[in-house]
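My notes follow in the order I took them.

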Amino acid sequence: MDLFRQDLRFAARTLRRNPGFTAIAALTLALGIGANTAIFSMVNALLLHPYAFPQLDQLVRVWENRGIDRGIDARFLSAGDASDIRGEAPSFAALTTYRCKDFNLSANGGVVPVNGCRVSANFFDVLGVLPAQGRAFLPSEETLGADQGVVVSYGFAQQYLGGASSALGNTIHLDGQTHTVVGVMPQGFSYPVPNQLWVPLALSPAARADRSQLTLESLARLKPGVSESQARAELLGISRRLTQRFPETNSGRTTEVLLLRKELYTFTLPLFLLLQAGAMLVLLLACANLANLLFARMIGRQKELAVRAALGASRSRLMRLFICETTLLSALAGGIAIAASFWSVNLLRTSISPGWTMWVPGWNGIVVNRAVLTFAVLTAVLVGIAFGFGAALHAGRGDVNFALKESGRGSMSRGKSRFRSSLVAAQVTFALVLLVCAGLVTQGFVRLAGAYQGFQARNVLKFEIRLSDKDYTDESRMRNFYDQFLTSVRQLPGVQQASLVTNPPASNVDNLSTFFTIEGRPMVNAAETPSADLIVSSPDYFRSLRIPLIGGRSYSEADNANAARVVVISRSMAERYWPAGEAIGRRIKLGDINSTAPWSTVAGIVEDVRQNWWNPAARPSVYVPFAQAPRRGMTVLLRTDGNPENYVSSLRALVTRIDPGVAINGINTLETEIADSIAIIKVMGVMMAVFGAIALVLSSVGVFGVLSEAVAQRTREIGIRIALGADRRDVFR
């Protein structure tokens, strides 16, 4: 230990005597460690630990696949099948179901929308997180009429109930119904994000036994020791048995299972692994630069090392000396990197609109926590030890007699020269790879910026309305509310069009899909039934977004509930299923092969609209008139002459005048929605461009360092050349 302390003190003095080398080496390495630390904080939060639930790898999503389910927005289960799976799947310790929706909360004399879920009584037990105050739901509260309790989030209690400590026992009004607060969740809990409250999922006996409608989401906890693949095989057998017992409803269904933390891997895994790979290349570049610096320094210390060896220093002693120096250097770089990471990680977390990140599990967990600090420290220590060993091995190969000669000072063998050149070649290689990746990502972002084509978003305001289940029990009441609202909105000065749609472009939510049957083309089995995206909209929707009409006509106010059923289809749907161009006037029936829905006539064809940036191309879409298929929850699109945000207060007043119990939510311009939807790609493009710039600087510094060292080594040779008549241009060349 005394020798170790001596080596540490000597290493510290050596670094202090060479401030230029120390500063350049530390900053070079800090760039590599800092880049990896910042990206690892995102990987740790979004890929490894998106939820802070105990035994996270035991939690799985369970849903039924009908052949057209696409993405996390279509992962549903029927209530009857959920009951069977709960009783027949020995792999599951427990299974819970839930159904999320927007509630209208009566507060402060008005109505505000809140995100919530109706959940089974064992919902919080399955997650492994119980209320911090109060209790969870009782099984008896899953009965209609007894479902008046509510569990609220910590933030909801702080905002609406005067704090978590005084929330229990308070009553709140949701969709016109009174609920009593029975529990408050711990601070930071929200599942599914960004939910603020949970009420019991009360179903009638008929609804519990229903297998025809996939309306519930499901979450299960695996028993200890059970793998995801084992559960998947078990559920496949259950699906086959259910198909045999209930062929009319379960034919063609398969039950799927996926680890909860992998739920968003389709979107997050490629993005952040690419960033992590870029950061690793930056670290390799920094290491190559540091190796060059250490290599040059070793040349200057050859005589010192030869003297140490001549006086009896062993290879292990020299190795310990070098490890102390490089570890101190990497510790200094790690300290700089960690200090910078607190700033850079906070910048990353806040660089995207909260309106988008609130829907991403784990985003608020992008912090420099213990795992990130451990990663940074281990990276610094491993780099320091690796360079110490490398320097020691290099020093051990030197010729002591040659180094002690005056003429040997600063000399370099051909092998060492080739090694340094190979390091520079590696640096240029890494830099080129990073620059190409940065260029491709930036090019991809530029393309995505123009991905939402087929419509015009300028001067369009978007907001959502959700009618309560209690007050709007039939379709006629839904139609009456929206008809009154649209009529009033169109009378506002400066409003060009006002329309309804179930899912506007750039919503970051995929459209619901539907099977359909083409008249005159009978399908042999369900597997052959075609599918398309289903979009319900009002007649002015296409004019509101300036979606071009290619052929036929759009539906109008005359296509009401009493009129013959009509639909409008997208260009890609027309080209795929009617390649000869005879789509207009043909009839289709929505639903599977056994559907009893009425036949609908194709009235017109409109241009394709890309729904979200991750869709490789626009999918076939079928548009249905709102009057013939009303929905409680709709998105309103308002096109105006000027700034659409100026109409927000007038819109709130109109809704309150028609029904004080209805709130509007998600108010934003469509241009902002599009910018927010591709913000993560923009951040990726900027970060890859930064990595590319760092790579260019580091590789340039590396080339300069090697050339300047070569010039210093060949000063005598260059002098002789000039003395013999060489021109400066010859030397430069």
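This is a predicted model: local features need pLDDT of at least 70, side-chain atom pairs count only at pLDDT 80 or more; totals for chains, interfaces and linings use all residues.

**Entry: Lys-462**

I asked which residues Lys-462 touches, leaving out those up to four places away in sequence. I found Thr-635, Val-636 and Leu-637 among them. Gly-666, Ile-667, Asn-668 and Glu-673 are also touched by Lys-462.

I then placed the residue: Lys-462 is found in strand S11, residues 460–466. Is Lys-462 buried or exposed? I read a relative accessible area of 6% for Lys-462, so this lysine is buried, the limit being under 20%.

I looked for a polar partner as well. The side chain of Lys-462 makes a polar contact with the side chain of Glu-464, at 3.2 Å.

**Entry: charges over rings**

I turned to charges lying over ring faces and noted two cases. Lys-101 lies over the face of Phe-103, at 4.8 Å from the ring centre. Arg-477 lies over the face of Tyr-472, and here I noted 5.3 Å from the ring centre.

**Entry: aromatic pairs**

How many aromatic pairs does the count come to? I got 25 aromatic pairs. I took Phe-123 and Phe-124 as one example: their pair is edge-to-face, 5.2 Å centre to centre, with 85° between the planes. I noted Phe-123 as buried, and Phe-124 as buried too.

Next I took Phe-156 and Tyr-160. Why is the pair of Phe-156 and Tyr-160 tilted? The planes of the two rings stand at 45°, so the pair is tilted; over 60 degrees would be edge-to-face and under 30 stacked. I read 4.9 Å between the centres of these two rings.

Both Phe-156 and Tyr-160 lie in helix H5, residues 154–160. They are four residues apart, about one turn of the helix. I compared their accessibility. Phe-156 is buried at 1% relative accessible area, whereas Tyr-160 is partly exposed at 24%.

I also followed the ring pairs into a cluster. Ring pairs link Tyr-51, Phe-53, Tyr-98, Phe-123, Phe-124, Phe-137, Phe-189, Tyr-191 and Trp-198. The edge-to-face pair of Phe-123 and Phe-124 thus has both its residues in that cluster.

**Entry: cysteines**

I searched the whole structure for disulfides and found one. Which cysteines does the disulfide join? Cys-100 is joined to Cys-117, with 2.0 Å from S to S. I noted 45° about the S-S bond and a right-handed link.

The pair links distant parts of the chain, 17 residues apart. Cys-100 sits in strand S2, residues 92–107, and Cys-117 in strand S3, residues 110–119. Cys-100 is partly exposed, with a relative accessible area of 31%. Cys-117 is buried, with 0%.

I looked at two further cysteines. Cys-287 is in no disulfide, and the nearest cysteine sulfur, that of Cys-437, is 18 Å away. I noted Cys-287 as buried at 16% relative accessibility.

Cys-437 is in no disulfide either, and its nearest cysteine sulfur is that of Cys-287. Cys-437 is partly exposed, with a relative accessible area of 23%.

Note on methods. Residues are numbered from 1 along each chain as its sequence is written. Side-chain values use heavy atoms; hydrogens and water are left out. Rings of Phe, Tyr and Trp (its six-membered ring) pair if their centres lie within 6.5 Å; planes under 30 degrees apart count as stacked, over 60 as edge-to-face and the rest as tilted. Buried means under 20% relative accessible area, exposed over 50%, partly exposed in between (1.4 Å probe, protein chains only). Helices (H or I, at least four residues) and strands (E, at least two) are DSSP runs, numbered from the N terminus. A charge sits over a ring if NZ of Lys or CZ of Arg is within 6 Å of the ring centre and within 35 degrees of the ring normal. A disulfide is a pair of cysteine sulfur atoms within 2.5 Å. A polar contact is a pair of N or O atoms within 3.5 Å; within protein, one must be able to donate a hydrogen and the other to accept it, and residues adjacent in sequence count only if both atoms are side-chain atoms. Contact means heavy atoms within 4.5 Å.
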